[in-house]
Amino acid sequence: MTTLPAAAPLRSRSRARSRLWRAILLHAVMVPLALLWLLPLWLMFVFATMPDQGIFSPGINLLPQDRFMENVRALEAETGFLRTFVNSVLVALVYTALSVLLTSMAGWALVRYRFWGKGLVLAIILGTLTLPYFVVVIPQYILVARDLGLTNTWFALIVPPLFNSLGVLFMRQSFSMMPQELFDAARVEGVKEWQIFTRVALPMAKPTLAALSIILFLASWNNYLWPLLVATQSHMMTAPVALGSLIGLTRVSWGAIMAGAVLLTAPMLLVFVFLQRWFMSGITAGAVK
Amino acid sequence: MRRRNITAYGFLAPYLLIFAAFWVWPIIYSFWLSFLFTRRQPWTFNPNTTWGRLVEDPAFWNALKNTLVILVVQVPIMIALATVLAVLLNSTLLRARGLMRFAFFAPVVVGEVAYAAVFRLIFSEDLGFVNKALAAIGLPEVAWFSSPTAAMALIIMAVTWRWAGYNAIIILSGLQSIPDDVYEAATLDRVSPVRQFFFITLPLLKPVILFCVVLSVIGTMQLFAEPFLITNEGGPGSATETLGLFLYLQGFRVLNFGYASAVAYTIAALAVLISLLNMWAGRERA
């Protein structure tokens, strides 16, 4: 505030110089680190286009070749990968739709109604947020596979993982930020509770629904342990299970496995690039208090 | 009021039904199972074969030790890295910010199997990419899969690659909720950027960082796919066998559900204990 006018240009020049140095230092750290972080993904794409002699040649090869389709064909011949890929798409779509519906209904109930046991329900949801899934996986498996005999069914792949607390908390937050008078007005006009939910509240929650759908789809798409347990026949496997079963087999070429990894990863990378905003808000939803 | 109850539970019913069938029942049943000898039909009550065995099973202690090593080494490295990344990615001086964000955040969408396959391939001991690159810059090759220490380092690097960006996203959102004028005031008072980081940013980020630590602890306690797929079921020997993998092998390879349930409860108890410890430590310093 009290700086003399004559001193000002000098000060700003030195500040500009320190800004420049800081920018150089920043990029000297960030550019190599970013390249290092991109390397595994880049190599995955490159190796998916190579025969194994290329991958394990003595030289370092960083550029793609033209063998991608051959590798995909080898992969298909080994596991029927296409079928498992379609399975993964179907499971993830149905799972996402059902889970979004269940969690938004629950979130709605927690915002709109005062009812007996509300505190308990909320406490349970918050409590399971930090409960390791491994506590339930064994009895869940015994229930589904042994007692109900449902291995290799769509039910087993889709329904048991449906419960998630994140979705409820996310939807609850979204609904609670809407003007409640709107819902009250609809109720006064005689609109049924279910229709207030589907026709008024859900359309207003579209951004949250989009973010939640992306996160749930991604979780289902990449889910490994549960489908590994309940999908034992190749025609019911999801793509990660099929691909995982090839890792470590010497008769399967690494190029084919990398092609599978690319087919699993590329769609999600596109989702990330084009729907980044929804994706980010889905990730950070958990951190919201 | 009664009508409200019915409507509310109408909306909650499908969700609670799934919860009851696939969470509440398993949790209770698992507790009961953890006292049963399940290697032979019919299952009999015999806690000596589960909880009793747990305390003296060297394989369990080995898995616990490995998990704690990963916890103590990997989680702090990753959280520190994620915090620095978030701060640097948030800098107005940074160019090509979209590309930078892509580099660090893209691993978040990569599935366990896909990235495990990549890491297993590029760290191959013979003519693998990493060893070739090490040799090219004059460094010795590393026996990533036959040396216990190197294999552990490999798991730690893989998990850090996969999850640093995820934590950075969460910390970044915390950063963006810090008002700019705090920094403007500090800059006017000629507080250096480094001091601003330690005396303004870090204290304000503490709740978010704590949240990331708790998530990471829970994740590490269940670490399974990485040692299962990258180091070939916890190899060399059982040098990278984690609690998660130990549970999987006991439960679904040996089909010893009773013993595996005891392991599952131990994992849960440890996760809760360490999380509470973290929160307590975080609060003390406030």
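**Chain B, with a look at chain A**

The domain assignment of chain B gives two pieces, domain 1 at residues 1-25 and domain 2 at residues 58-284. Please keep in mind throughout that this is a predicted model. Taken over C-alpha atoms, the centres of domain 1 of chain B and domain 2 of chain B are separated by 37 Å.

Let me stay with chain B as a whole for a moment. Its C-alpha atoms fill a box of roughly 75 × 70 × 35 Å along the principal axes, and of the 286 residues of chain B, 45% count as buried.

Now to the annotation. UniProt, in an unreviewed entry, places the feature "domain: ABC transmembrane type-1" at residues 64-278 of chain B.

I would like to turn next to one pair of helices in chain B. In general, two packed helices are described by the angle between their axes and the distance between the axes. Here, helix α3 of chain B, residues 58-89, and helix α7 of chain B, residues 148-175, have axes that come within 7 Å and cross at roughly 40 degrees. Because of that angle, α3(B) is oblique to α7(B). The crossing of α3(B) and α7(B) is right-handed, and the residues of the contact divide into 22 nonpolar, four polar and no charged.

Just after α8(B) comes B:R190, which takes a positive phi of about 55 degrees.

Finally, a brief look at chain A, where UniProt, again from an unreviewed entry, lists "transmembrane region" at several spans, including residues 89-111 and 154-171. Residues 89-111 of chain A are 100% helix and 0% strand, with end C-alpha atoms 32 Å apart. For residues 154-171 of chain A, the end C-alpha atoms lie 26 Å apart, and the span is 67% helix and 0% strand.

Methods. Residues numbered from 1 in each chain as written. Chains lettered and ligands numbered in written order. Predicted model: local features only at pLDDT ≥ 70, side-chain atom pairs only at ≥ 80, totals over all residues. UniProt positions renumbered as here; feature names shortened; annotations may be inferred. Domains from an automatic or database assignment. Axes fitted to C-alpha atoms, helices over the stretch in contact; angles between N-to-C directions. Helix = DSSP H or I, 4+ residues; strand = E, 2+ residues; numbered from the N terminus. Parallel < 35°, antiparallel > 145°, perpendicular 65-115°, else oblique. Left-handed = near helix turned anticlockwise from the far one by under 90°. Nonpolar A, V, L, I, M, F, W, Y, C, P; charged D, E, K, R; others polar. Buried ≥ 20, exposed ≤ 12 C-beta atoms within 10 Å, placed from the backbone.
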